[in-house]
Amino acid sequence: MIPVHQLSDPAVRAFVTAVNAGDRQAFRAALTPGATMSDDGSDRDVDDWADREIFSSDGHMDVESESDGGRSLVADYRNDTWGAMRTAWRFSVEDGRVSRFETGQA
């Protein structure tokens with residue numbers, strides 16, 4: 001596992017830190033206004049998804065590996081709804097914040 005503070009990309013590091021802290025305000029701050037996302041190839045509303053998959057279900061990411069300068073992760077993701085699963089994450093970053101993230105089973 002890679003400790004969160006050692007993740008290469010500062011925007012991705014802020015995103016993962018916010019997820020693991022269950023901090024909605026920090027999560028929003030890690031994203032650009034109008035940020036988009038997809039889950040298993042389907043675009044989702046970021047706020048609805050984050051509430052369901054992260055904040056109301058105690059979501060947590062344990063990062064296994066990173067590539068693409070820290071903008072692609074493989075992580076063990078777990079929450080109270082789905083349990084644990086191996087997931088892939090890909091991030092687009094603009095002006096130091098995440099503008100889009102895509103996740104799905106790895």
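Residues are numbered from 1 along each chain as its sequence is written, and side-chain values use heavy atoms, with hydrogens and water left out. Because the model is predicted, local features need pLDDT of at least 70 and side-chain atom pairs count only at pLDDT 80 or more, while totals for chains, interfaces and linings use all residues.

## Overall fold

The protein has three helices and six strands. These elements are DSSP runs, numbered from the N terminus: helices are H or I with at least four residues, and strands are E with at least two. Along the sequence, the pattern reads α-α-β-β-α-β-β-β-β.

How does the radius of gyration of the protein agree with that of a compact globule? For 106 residues a compact globule would have a radius near 13 Å, and the protein has 12 Å, which agrees. The radius of gyration is taken over C-alpha atoms, and the globule rule is 2.2 Å times the number of residues to the power 0.38. Along the principal axes, the C-alpha atoms fill a box of roughly 30 × 30 × 25 Å.

Of the 106 residues, 41% count as buried. Buried means under 20% relative accessible area, exposed means over 50%, and partly exposed lies in between (1.4 Å probe, protein chains only). The protein exposes about 5600 Å², and carbon and sulfur atoms supply 43% of that area. Accessible areas come from the Shrake-Rupley method with a 1.4 Å probe; for residues, only the protein chains shown count as cover.

A contact means heavy atoms within 4.5 Å. Among contacts between residues at least 6 apart in sequence, 45% join residues at least 24 apart.

The protein has 11 positive and 20 negative charges, and their mean positions are 2 Å apart. Lys and Arg count as positive and Asp and Glu as negative, whereas His and the chain ends are not counted. The place of a charge is NZ of Lys, CZ of Arg, CG of Asp or CD of Glu.

## Aromatic rings

Rings of Phe, Tyr and Trp (its six-membered ring) pair if their centres lie within 6.5 Å; planes under 30 degrees apart count as stacked, over 60 as edge-to-face and the rest as tilted. By this rule there are twelve aromatic pairs. One of them is edge-to-face: Trp49 and Trp89, at 6.3 Å centre to centre with 75 degrees between the planes. This pair links distant parts of the chain, since Trp49 is in helix 3 (residues 46–55) and Trp89 is in strand 5 (residues 83–94), 40 residues apart. Both Trp49 and Trp89 are buried.

Trp89 also forms a stacked pair with Phe91, at 6.3 Å centre to centre and 10 degrees between the planes. Phe91, like Trp89, is buried. Ring pairs join Phe15, Phe27, Trp49, Phe55, Tyr77, Trp89, Phe91 and Phe101 into a cluster.

## Two residues with positive phi

Most residues other than glycine have a negative phi. Asp68 has a positive phi, near 55 degrees, and is found in the loop between strand 3 (60–67) and strand 4 (72–79). Asp95 also has a positive phi, of about 50 degrees, although it is not a glycine. Asp95 lies in the loop between strand 5 and strand 6 (97–105).

| Residue | Relative accessible area | Class |
|---|---|---|
| Asp68 | 51% | exposed |
| Asp95 | 82% | exposed |
| Arg71 | 29% | partly exposed |
| Thr32 | 11% | buried |
| Val93 | 17% | buried |

Which residues does Arg71 contact, leaving aside its neighbours within four places in sequence? They are Asp9, Val12, Trp89, Arg90, Phe91 and Val93. Arg71 is in the loop between strand 3 and strand 4. Arg71 and Arg13 are 58 residues apart in sequence and 9.6 Å apart in space, C-alpha to C-alpha.

Val93 lies in strand 5. Leaving aside neighbours within four places in sequence, Val93 is in contact with Asp9, Ala11, Arg71, Val98 and Ser99. Val93 and Val12 are 81 residues apart in sequence, and their C-alpha atoms are 8.2 Å apart in space.

Thr32 lies in strand 1 (residues 31–39). Not counting residues up to four places away in sequence, Thr32 touches Glu94, Arg97, Val98 and Ser99.
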